[in-house]
Amino acid sequence: MADDIRINPSILAADFVNMQSELARISGADFVHVDVMDNHFVPNLTFGTQMVRRIQETSPIPLDVHLMITNPDRWAPGYAELGAASVTFHLEAAAEPVSLARRLRDIGARAGVAVKPATPVEGLFDLLDDFDQILVMTVEPGFGGQSFIPEMMPKLRRLSDEAKRRGSSVWLQVDGGIAESTIAQAAEAGADTFVAGSAVFGADDPDAAIAGLRDVVAAHRH
């Protein structure tokens, strides 16, 4: 298993009623991706701190929390305090993204920042050292099951090239429409951390699906 290829199944595609057994089906995952939506920043509502706390208490896999919410400056630290391994907020929603990232790190979480499809990544070039992970959305945030947007790959490649140029160790994550048919494009563009929902939880054997995704990425590494 390559330690620089991370597969993070999204529980947005899981059976919420049987969450504990669903988590047991993805033992080969690196992180569990938890989408928090507030029906304001995005037009959908999932769950908040109470549900994330229970997932954190029961999950054998560390949590990768993705906050699609307004005012993350106020709310994001609370998810780090729950014990989430990684907390990602949206650049478009944060008033003070660098200060927020420092706060998350101080609490003990990895600090991530996400950008919507229409948001340029160039504004993050000088901030690479302030984040542990950058999430390039490959769909519009807010709904699961959307189709991968290949037009995001040049943006991801620019970010990857700049990170290499600066010697940055930041993780580059993609989220949206990731499956065996699309993950190679993201890997070739520089992603190393992949969120997959229905491609994992919709499979008869989620762990085998995770292994399959990992193998595709490994085969397309430069």
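**View 1. Serine 147 sits in the loop between strand S6 (133-137) and helix H5 (153-166).** This is a predicted model, so please read each view as a prediction. Is serine 147 buried or exposed? With a relative accessibility of 61%, serine 147 counts as exposed, since the cut-off for that word is over 50%. Setting aside residues up to four places away in sequence, serine 147 touches Thr138, Val139 and Gly177. Look also for alanine 179: serine 147 and alanine 179 are 32 residues apart along the chain, and their C-alpha atoms are separated by 9.9 Å.

**View 2. The whole protein chain has 8 helices and 8 strands.** Along its principal axes, the C-alpha trace spans about 45 × 40 × 30 Å. A compact globule of 222 residues would have a radius of gyration near 17 Å, and the 16 Å of this chain agrees with that. Of the 222 residues, 53% count as buried. Now take the contacts between residues at least 6 apart in sequence: 63% of these join residues at least 24 apart.

**View 3. An open sheet of 8 strands shows parallel pairing.** Follow the strands across in the order S1-S8-S7-S6-S5-S4-S3-S2. Why is one side of S1 and of strand S2 (32-37) left without a neighbour in the sheet? Both stand at the edges, and each has a single partner strand, so one side of each has no neighbour there. On average, neighbouring strands of this sheet are turned by 25 degrees against each other, direction ignored.

**View 4. Strand S1 (residues 6-9) is covered on both faces.** Arg6 and Asn8 are buried on one side, and Ile7 and Pro9 are buried on the other. S1 runs parallel to strand S8 (residues 193-196), and 4 bridges join the two.

**View 5. Strands S4 and S5 run parallel, joined by 5 bridges.** Which residue in S5 is the bridge partner of histidine 90? That partner is alanine 114. Helix H3 lies across S2, strand S3 (63-68) and S4, and H3 runs at about 165 degrees to S4.

**View 6. Helix H4 (residues 97-107) has buried residues that include Pro97, Val98, Leu100, Ala101 and Leu104.** Seen down the axis of H4, the buried residues fall within an arc of 160 degrees, so they line one face of the helix. What covers the buried residues of H4? The cover includes helix H3 (72-81), strand S4 (86-90) and strand S5 (110-115). Just after H4 comes glycine 108, with a positive phi of about 125 degrees.

**View 7. The largest nonpolar core has 65 residues.** Those with the most contacts inside this core are Ile11, Ile26, Val34, Val52, Val65, Val87 and Phe194. A second, separate core has 5 residues, among them Met37, Phe41, Met68 and Ala93. In soluble globular proteins, nonpolar side chains tend to be buried together. To explore the largest core, pick valine 34, one of the residues with the most contacts inside it. Leaving aside neighbours within four places in sequence, valine 34 is in contact with Ile11, Phe47, Val52, Leu63, Asp64, Val65 and His66.

Conventions
Residues are numbered from 1 along each chain as its sequence is written. This is a predicted model: local features need pLDDT of at least 70, side-chain atom pairs count only at pLDDT 80 or more; totals for chains, interfaces and linings use all residues. Side-chain values use heavy atoms; hydrogens and water are left out. Buried means under 20% relative accessible area, exposed over 50%, partly exposed in between (1.4 Å probe, protein chains only). Two strands pair if DSSP finds at least two bridges between them. A nonpolar core is a set of buried Ala, Val, Leu, Ile, Met, Phe, Trp, Tyr and Cys residues joined through side-chain atoms within 4.5 Å. Contact means heavy atoms within 4.5 Å. The arc is that of the directions from the helix axis to the C-beta atoms. Axes are lines fitted to C-alpha atoms, for helices over the stretch in contact, and angles run from 0 to 180 degrees between N-to-C directions. The radius of gyration is taken over C-alpha atoms; the globule rule is 2.2 Å times the number of residues to the power 0.38.
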